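Here is a short report on a structure. Look through the sequence and the model first, then read on.

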Amino acid sequence: MIDNLGYRQSIINESLYNNHIMTHTDKELVVSALENGTVLDHIPSENIFKVLEILNLMDEKNRITIGINLNSKLFGKKGIIKIADRFFQDEELNKLALVAPKATVNIIRDFRVVEKRKLVMPHEIEGIAKCMNPKCITNHQPVKTRFTTMENDNEISLLCHYCEKITDIKGLY
Amino acid sequence: MKKSLISIRDFTKDEILHVLEVAREFEQNRVQKILEGKVIACIFFEPSTRTRLSFETAVNRLGAKVIGFSDATNTSVSKGETLKDTIKMVSNYVDMIIMRHPLEGSSRYASEVASVPVVNAGDGANQHPSQTLLDLYSIKQTQGRLEDLTINMVGDLKYGRTTHSLLQAMSFFNPRFIFTAPEELKMPVEYKKFLDEKHIGYSETNSLEEHLDDCDILYMTRVQQERFTDPMEYEKVKDVYRLEASMLGNVKQNMKILHPLPRVNEIDQDVDETPYAYYFKQAENGLYVRMAIIAYLLGYR
């Protein structure tokens, strides 16, 4: 079976619901296609769990399929998340730009990709990254982090709203 | 709406000039009981003499009363109370909070939790805006203007928050900077980038002698042991510069030496007697500037 994005994966590491993993004739495990929902593609594999956290999917009741270290022509390895029957606001999805700047969002309706979206880096982000300054108040007291994103020569860095220090986005990966 | 002063960047150029003007008025008449009946909290979670005493004097001279502490060990903070709870509680009692805290960003956070204006009297190595304003006041008083001056900053330009804030504030007035620092304590890249964006010129050197004779303000700083996480790094640089009276033979006549104090070895005592020394008067100016900040934020000036 080939899923609705046309990816044919030889190994799918995990699925939350086994009945949706089907045994192919040549014994490959393939994930079932989504009927309706959202597919987040081109996520750096190591940040898959950060993405789940940022989108608050840890307590999600809908079916979620996760792929890690899948082959990608563009990126070598990638991660993918499929969430059944869930659609997101742009503001929610754009929060992912920090950990998955190249991610593609595919909206699936009736087994077809009806819309593809790219992420836009938000101007301000709250409660996601940690400030790299060990003396920042946010690392000592229960204070939600807040940053302004700054772009310089295609490099993103974060200016802490509290200690006014710059956190290098590379530290987040 | 309540207005706080957390970072020098919270003030516009006009507000800076206004506060300096009000400070001048207070210097001419230093007892003006315009805040009779007000209570202001000075809460210092970290030791300080100059800043705390001058803030408390400023409050008293304005006719308000001071409550607070100068050492957090005798308070509920030592029982594990969060900063949020301390600030919530204190802001129910008073009309303004003046606060110093070792953690960076603590004052910004406090201003978001408090129902009254907050004045940042130093948050770790981050900001100390009343120091910046008194530095500006001292520059203006000694040079007669703020525009088109050459400022030579000397010493710890990496951890020294006073130099960072002064740089940001002076950027309104078309300055030229000289950064005199050893390799380990150079001005951080983000501040140089800030100047580049504003097309403000600067040069860097590690020699104290090199630019003594072509600056209007010599802004000396102490290498602060408490800012170093690595004691070895501190030992290497602690006595790197020492200004002596004999080095001042060819300086500009209008040149003045500023220092946020306390000094240790970086300015020899024999400099105190020269006409260029201004650091004690600078510390006195702190009183008028702090009176001006309090009066302005509470809407009385």
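Pro262(B) sits in the loop that joins β9 (256–258) to α9 of chain B. Helices (H or I, at least four residues) and strands (E, at least two) are DSSP runs, numbered from the N terminus. The peptide bond from Leu261(B) to Pro262(B) is cis, with omega near 5°. Most peptide bonds are trans, and most residues other than glycine have a negative phi.

This is a predicted model, in which local features need pLDDT of at least 70, side-chain atom pairs count only at pLDDT 80 or more, and totals for chains, interfaces and linings use all residues. Residues are numbered from 1 along each chain as its sequence is written, while chains are lettered from A and ligands numbered from 1 in the order in which they are written.

**Positive phi**

Two residues other than glycine have a positive phi: Phe111(A) and His199(B). Both lie in loops, Phe111(A) between β7 and β8 (112–118) of chain A, and His199(B) between α7 (189–197) and β7 (202–205) of chain B. Are they buried or exposed? A residue is buried if 20 or more other C-beta atoms lie within 10 Å of its own, exposed if 12 or fewer, and partly exposed in between, with C-beta atoms placed from the backbone. Phe111(A) has 11 such neighbours, so it counts as exposed. His199(B) has 7, so it is exposed too.

| Residue | Phi | C-beta neighbours within 10 Å |
|---|---|---|
| Phe111(A) | about 65° | 11 |
| His199(B) | near 55° | 7 |

**Chain A**

Chain A has two helices and twelve strands. Their order from the N terminus is β-β-β-β-α-β-β-α-β-β-β-β-β-β. Of its 173 residues, 30% are buried.

Two residues are in contact if their C-beta atoms, placed from the backbone, lie within 7 Å. Take the contacts in chain A with a separation of 6 or more: 59% of them involve residues 24 or more positions apart.

How confident is the predictor here, and what is the mean pLDDT of chain A? pLDDT is the predictor's confidence in each residue, from 0 to 100. The mean for chain A is 81, and 79% of its residues reach 70 or more. Among the elements of chain A, strand β1 (residues 14–15) has the lowest mean, 36. Strand β7 (residues 104–109) has the highest, 95. Over residues 6–30 of chain A, pLDDT stays under 50. The model has 33 contacts beyond four places in sequence for that stretch.

Ile107(A) belongs to strand β7 of chain A. Ile107(A) has 16 C-beta neighbours inside 10 Å, so it counts as partly exposed. Leaving aside neighbours within four places in sequence, Ile107(A) is in contact with Thr38(A), Phe87(A), Val114(A) and Glu115(A). Phe87(A) is 20 residues away along the chain, yet the two C-alpha atoms are separated by 7.5 Å.

**Chain B**

Chain B has nine helices and nine strands. Its radius of gyration, taken over C-alpha atoms, is 19 Å, close to the 19 Å that the globule rule (2.2 Å times the number of residues to the power 0.38) gives for 301 residues, so chain B is as compact as a globular protein of that length. Its C-alpha atoms fill a box of roughly 55 × 45 × 40 Å along the principal axes.

Of the 301 residues of chain B, 47% are buried. Among its contacts between residues at least 6 apart in sequence, 75% join residues at least 24 apart. Mean pLDDT is 94 for chain B, and 100% of the residues score at least 70.

**Where the chains meet**

How many residues of chain B are in contact with chain A? The count is 13, and they touch 15 residues of chain A. Helix α4 (residues 106–113) of chain B gives the largest share of the chain B side, three residues. By class, that side has three nonpolar, seven polar and three charged residues. Ala, Val, Leu, Ile, Met, Phe, Trp, Tyr, Cys and Pro count as nonpolar, Asp, Glu, Lys and Arg as charged, and the others, Gly among them, as polar. The predictor gives the complex an ipTM of 0.88 and a pTM of 0.84.
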